[in-house]
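Here is a friendly walk through one structure, topic by topic. Please have the viewer open as you read.

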Amino acid sequence: MTRSSVLLAVCGVAAAMFGFAAPAARTAEPVRIGIMWPLTGNAAAAGQASKAAVEVALDIINNAHPELANLPLAATTGLPNLGGAKIEVTLVDHQGDPSMAQQLTTRLVTQDKVNALMGAYQSSCSFTATAVAERYGVPFMVGESAALNITGRGFKWVFRGTPIASDYARTYMRFFADLKKQGRKIDSIAVVNENTDYGTSVGDAIEAEAKQTGVPVAIRIPYSASSTDVSAQVLQLKQKQPDVVIFISYTADSILYMKTMRNLDYRPPMVIGDDTGFSDPSFIPAVSDVAQGAMNRSAWDIGKPGSTTYKINEMYKAKTGRDLDDTSARNMQSLFALADAINRAGSTDPEKIRDALAKTDLKPDQLMMGYQGVKFDETGQNILAATYLIQLQGKQYQLVWPETAANAKLQWPMAGWTQ
Amino acid sequence: MVIMQVIVGGLLLGAIYALFSSGLTLIWGMMNFINFAHGEFVMLGMYVALLVVVGIGGGPAVFGIAAAGALFALGVVIYAFLIRHVLRGPMIAQILSTFGLALLLRYAAFWFFSANFVSLPGNALSGTIDLGGIFLPVAQVVAGSVAIVLTLLLQFLLTRTLIGSMLLAVAEDPDAATLMGIRPDRIQALAWGLSAGAAGIAGALLATAYPWSPSVGETFGLIAFVVVAFGGFGSVLGSLYAGLIIGLIQAASGFWLGVIYKDVVVYALFVALLWLRPQGLMGKA
Amino acid sequence: MKKLAAPPLGLTLLAVGLVLYPLLFSDAFYRDIGVTFLLAAIAASAWNIVGGYAGQISVGHSMFFGIGAYTPVLFYTLWGWPPLVGIPVGILLSLALAAVIGLPTLRLSGHYFSMATIAVAELIRILVGTWNFVGAAIGLQGPARGRAWWDLTFRSELPYYYIFLVVLGIVLAVTATFESRRFGYYVRAIKAGERAAKSLGVPVHWTKMQALLLSAAFTSIAGSLYVVKTGFVDPGSGFGILVSVQMVIVAALGGAGTLYGPLLGALILIPLQTATNNWLGGGGSGLTFIIYGGIIVLIARFEPGGLSELWHRLLRKRWKRVDATA
């Protein structure tokens with residue numbers, strides 16, 4: 001009699017689990033996409049920004065926006081080939097935990113019956129989530145994850161719309177080659193990377209690419225992004241005197257680097273930030289007085305008033321009060337590419353969506369990002385993804401490279417601080 | 001010259017470690033209580049500073065005192081509603097309660113202030129002093145000096161004042177203290193207020209040099225534990241020395257061995273120290 | 001004593017409930033929650049042997065969990081060996097590590113032991129994160145698709161569920177056996193007071209070491225089960241401090257030092273975590289953790305001995321009432 005209560009408790013818990021089962025049943029009309037990001041935990045800021053970006057993207061796809069007509073699906077309401085069906089997103093928070101990402105993918109597929117998936121920011125979570133998607137045969141668009149081998153595992157259902165570490169590394173080397181042609185001195189570079197999946201992947205790629213193109217890496221400094229003090233790193237750089245320092249850093253640490261360089265009076269000819277921290281909206285206000293001329297990688301450029309990108313940024317700004325950052329913008333672009341494929345598939349059948357994704361061929365003028373297009377190779381990687389280099393001039397980044405796209409002149413060497 | 005810069009940088013860093021550890025050691029030593037939410041107190045101190053600067057403006061003195069006051073009050077409230085009840089419970093209940101508290105505080109801040117990174121606007125303590133090629137960032141010098149003054153004040157309070165004697169009496173034996181007319185509850189509430197208040201000042205000063213988001217407490221929490229254990233639980237002076245030593249070790253090993261190994265060196269030394277001298281540098285055996 | 005002689009009826013019902021659960025809830029998502037629950041219960045039960053029974057509160061058990069998780073996928077990555085081979089090797093490595101760190105740290109008492117275990121686990125996490133041989137920061141992946149059953153890579157959650165259930169049964173049975181032997185009396189004596197225990201002739205250090213070794217072995221198995229289920233491990237998910245903290249919280253919530261405490265803790269905590277995250281996580285306001293943290297605080301505040309204590313008290317009350325009315 002006493003222990004039978006145990007069973008009651010078990011049943012109670014089981015019933016509680018049962019409670020959060022089905023989202024209200026609807027007609028099969030809307031297209032469902034499940035999206036997972038870290039909305040809590042250490043990477044929450046990135047996930048939250050991407051969440052807002054997706055909401056803007058949904059507005060653009062689901063409602064008529066003739067002013068953005070160069071983007072596919074913007075001018076129309078919903079997906080025309082599916083009778084104007086709207087896209088419905090189920091957003092979940094994997095908290096940066098790979099096993100949570102696995103469980104949530106299972107839920108999105110089996111409970112929410114999503115037609116396609118997108119995520120997951122941290123490479124660890126993309127690894128486990130894509131494996132589940134592959135098992136169930138649901139297309140998974142990796143919006144933004146650094147690790148190289150997320151694609152290329154022989155998976156059929158995984159696509160990645162964003163450029164990857166080796167693309168960035170090649171971009172930097174091409175940029176250096178351009179500079180050398182103009183007679184600037186790039187005798188050695190330094191690579192400073194935070195030591196989780198992102199920093200390590202990009203740092204490794206840059207080091208490998210530099211070796212190949214014959215640019216000496218004077219020093220490679222991996223560090224922990226939660227460091228409260230970075231003077232040891234800055235002192236090491238100061239000793240080696242590289243011509244360019246590339247920082248692959250998150251937010252707090254990149255701000256700390258700029259401030260510490262000022263404090264220790266170290267001003268290399270050029271600093272290049274690898275997106276992420278340098279693109280965080282809190283970066284410019286915090287360091288614009290000490291990091292003048294610092295460069296940053298970005299495939300996103302707000303552009304001139306009246307341009308499509310400018311209008312998208314205005315929409316995002318109205319929602320969040322901040323400018324759209326590169327990471328969120330790339331996620332947004334990935335969602336556009338996914339929606340375009342679903343529309344071309346003309347069906348919510350996963351197999352048809354997958355085939356349409358594989359046939360994707362978006363041209364540069366159909367994109368909000370500075371890619372040369374969106375086209376996936378057999379591993380699912382976007383081979384036309386590319387990136388710009390931008391430079392902090394005043395209180396804003398200006399597009400300075402490649403010159404064909406540039407709207408401002410490269411300032412070299414960087415000014416850093418004036419007073 | 002580089003060596004001098006490394007040493008000076010290490011000491012300045014260490015002073016900041018000491019600053020946010022001094023409150024932790026008070027609780028740990030007095031009540032044999034691990035507070036896993038101490039880093040969150042520091043984080044809240046940073047946000048209080050931000051609110052004050054944005055809301056009414058003012059220099060470090062203003063927002064430092066505001067943060068200390070706000071966190072003092074919070075410390076007392078947390079003591080009254082939570083800590084008092086788990087203080088005499090098993091050690092595991094203490095751990096459980098402050099883990100839960102840490103999550104609660106971190107995500108309460110998350111809820112109010114969002115996950116975005118923020119920095120203190122204005123340049124309250126910017127600039128650098130150049131001592132013949134050795135650079136001293138003003139913010140760190142101020143934080144370091146305040147840390148040392150605060151630690152000494154705390155030490156003075158504990159050893160030279162009536163309140164200090166009461167605190168120590170309660171720490172020694174709460175029942176005997178009660179017989180002497182001391183109300184242990186009040187004294188312990190005061191200790192929690194002081195501990196959280198010190199963390200609040202630490203947070204306010206760190207905010208002048210360091211951008212943060214609600215999860216910053218984690219970063220500071222772990223270092224604080226090592227500093228406190230290194231210095232000897234409950235020894236305020238010990239945590240000052242330990243903070244300086246750890247800062248120095250981190251700076252030196254970071255510069256000569258490689259930055260990723262600086263924490264490895266600290267943890268390894270810490271384990272070795274625990275083995276050889278479990279009571280810490282200044283702790284009583 | 002009283003816990004050992006758990007009425008067979010309740011225990012049977014619990015066992016039957018656990019066995020039937022995946023058959024009653026055939027949906028993959030609910031089965032996955034069941035698997036997560038079992039894993040949490042296994043890890044917390046393993047932790048409980050040294051943290052609960054022997055009272056040595058380790059906050060660094062992720063070191064064993066991580067070794068258990070890394071070894072099978074490392075062997076798979078290096079030589080394509082099935083994970084099954086790596087599991088026993090992981091246990092041996094964990095035992096070795098437990099012996100090495102136990103010798104110095106088990107002499108420490110109370111918070112010192114906790115701090116030392118945190119430090120060692122962090123040390124290992126940082127080193128693994130910089131070591132290319134074990135995948136450094138990126139981590140290691142298991143087989144994407146199982147070649148045969150011995151790869152332990154299944155398409156369905158069902159095999160995982162029953163494997164985990166059997167392991168949980170073994171952990172609990174071994175714990176119960178140890179509890180009823182001399183070891184059980186020794187650890188209780190140590191927990192009550194080390195000095196007194198020593199004067200009574202209890203081999204304090206050896207008993208603590210035994211508890212640590214046993215606990216490390218089971219925790220290593222938990223790590224191995226984790227990795228065959230998720231197919232991936234990186235320094236954070238293997239050696240991160242949150243892994244250790246989760247074990248402590250689950251055990252403490254249910255009742256540390258009791259046989260079924262960790263099970264009870266997992267039974268409450270995992271559904272709570274899952275439910276709050278699934279209901280509220282997508283909103284992104286952090287409400288998940290406010291509720292989660294709040295509930296932990298409330299339990300610590302009102303039931304410092306864990307929920308199993310509340311359980312026993314409720315039973316006692318009910319018995320009293322029955323007595324009174326009789």
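How far apart do the end C-alpha atoms of residues 85-106 of chain C lie? They lie 31 Å apart, and the span is 95% helix and 0% strand. This is a predicted model, where local features need pLDDT of at least 70, side-chain atom pairs count only at pLDDT 80 or more, and totals for chains, interfaces and linings use all residues. Residues are numbered from 1 along each chain as its sequence is written, and chains are lettered from A and ligands numbered from 1 in the order in which they are written.

**Chain C**
- The unreviewed UniProt entry lists eight spans as "transmembrane region", including 85-106 and 118-140 of chain C; such annotations may be inferred rather than shown by experiment.
- Residues 118-140 of chain C are 57% helix and 4% strand, with end C-alpha atoms 23 Å apart.
- Helices (H or I, at least four residues) and strands (E, at least two) are DSSP runs, numbered from the N terminus.

**Where chain A meets chain B**
- Chain A brings 28 residues to the contact and chain B brings 26; residues are in contact if their C-beta atoms, placed from the backbone, lie within 7 Å.
- Helix 7 of chain A gives the most to its side, with six residues.

**Domains of chain A**
- Domain 1 covers 30-163 + 305-366 and domain 2 covers 166-298 + 388-401, with bounds from an automatic or database domain assignment.
- Their centres, taken over C-alpha atoms, are 29 Å apart.
- In chain A, 13 residues of domain 1 are in contact with 14 residues of domain 2.
- Helix 4 (123-136) and helix 12 (326-345) of chain A each give two or more residues to the domain 1 side.

Conventions
Two residues are in contact if their C-beta atoms, placed from the backbone, lie within 7 Å.
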